[in-house]
Amino acid sequence: MNLVPFDYVILRAAPRIQRGEFVNVGAVLYCRALDFLGAAWDVEPSRLKALDPAVDVDVVCASLEHIRAICAGDPDGGPAATTRIGERFRWLAAPRSTVVHPSPIHSGLTSDPTADLDRLVDAFVR
């Protein structure tokens with residue numbers, strides 16, 4: 001089994017960004033060696049509502065779907081989706097003040113980035 005490096009960010013939902021509270025909702029994994037960029041998530045509305053009872057869960061899910069489109073290079077992802085795969089990851093990993101934002105970048109080793117993306121969601125989100 002050949003292991004290659006990958007980078008990832010955990011996606012955080014912050015319904016009231018000014019409070020600095022967030023819930024992990026997903027992950028984005030980038031593996032240059034295997035030309036892989038993917039996102040996965042699992043939104044639990046009750047966890048979001050614990051931070052803000054008025055949170056619009058549909059907005060959070062729409063933001064995550066936009067991230068998925070960027071990862072896939074789907075035109076629905078807008079201009080960021082048209083860039084090279086590494087640029088898309090760096091764009092998604094850039095700090096921002098939005099309802100869904102990334103953690104700092106972390107690294108690991110993989111031979112199966114799809115399985116490791118699922119593992120990250122299991123470990124940090126569910």
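A charge sits over a ring if NZ of Lys or CZ of Arg is within 6 Å of the ring centre and within 35 degrees of the ring normal. This is a predicted model, in which local features need pLDDT of at least 70, side-chain atom pairs count only at pLDDT 80 or more, and totals for chains, interfaces and linings use all residues. Residues are numbered from 1 along each chain as its sequence is written, and side-chain values use heavy atoms, with hydrogens and water left out.

Q: What makes Arg 96 a residue that lies over the face of Trp 91?
A: Arg 96 is placed at 4.5 Å from the ring centre of Trp 91, and the cut-off for that distance is 6 Å.

Q: Why is Gly 78 called partly exposed?
A: Its relative accessible area is 23%. Buried means under 20% and exposed over 50%, with partly exposed in between (1.4 Å probe, protein chains only), so Gly 78 is partly exposed.

Q: Why does Phe 6 count as buried?
A: Phe 6 has 3% relative accessibility, so it counts as buried. Tyr 8, at 10%, counts as buried too.

Q: How many aromatic pairs does the structure hold?
A: Three.

Q: Why is the pair of Phe 6 and Tyr 8 called tilted?
A: Rings of Phe, Tyr and Trp (its six-membered ring) pair if their centres lie within 6.5 Å; planes under 30 degrees apart count as stacked, over 60 as edge-to-face and the rest as tilted. Here the centres are 5.9 Å apart and the planes at 40°, so the pair is tilted.

Q: What makes the pair of Tyr 30 and Phe 89 stacked?
A: Their planes are at 25° and their centres 5.3 Å apart, so this pair is stacked.
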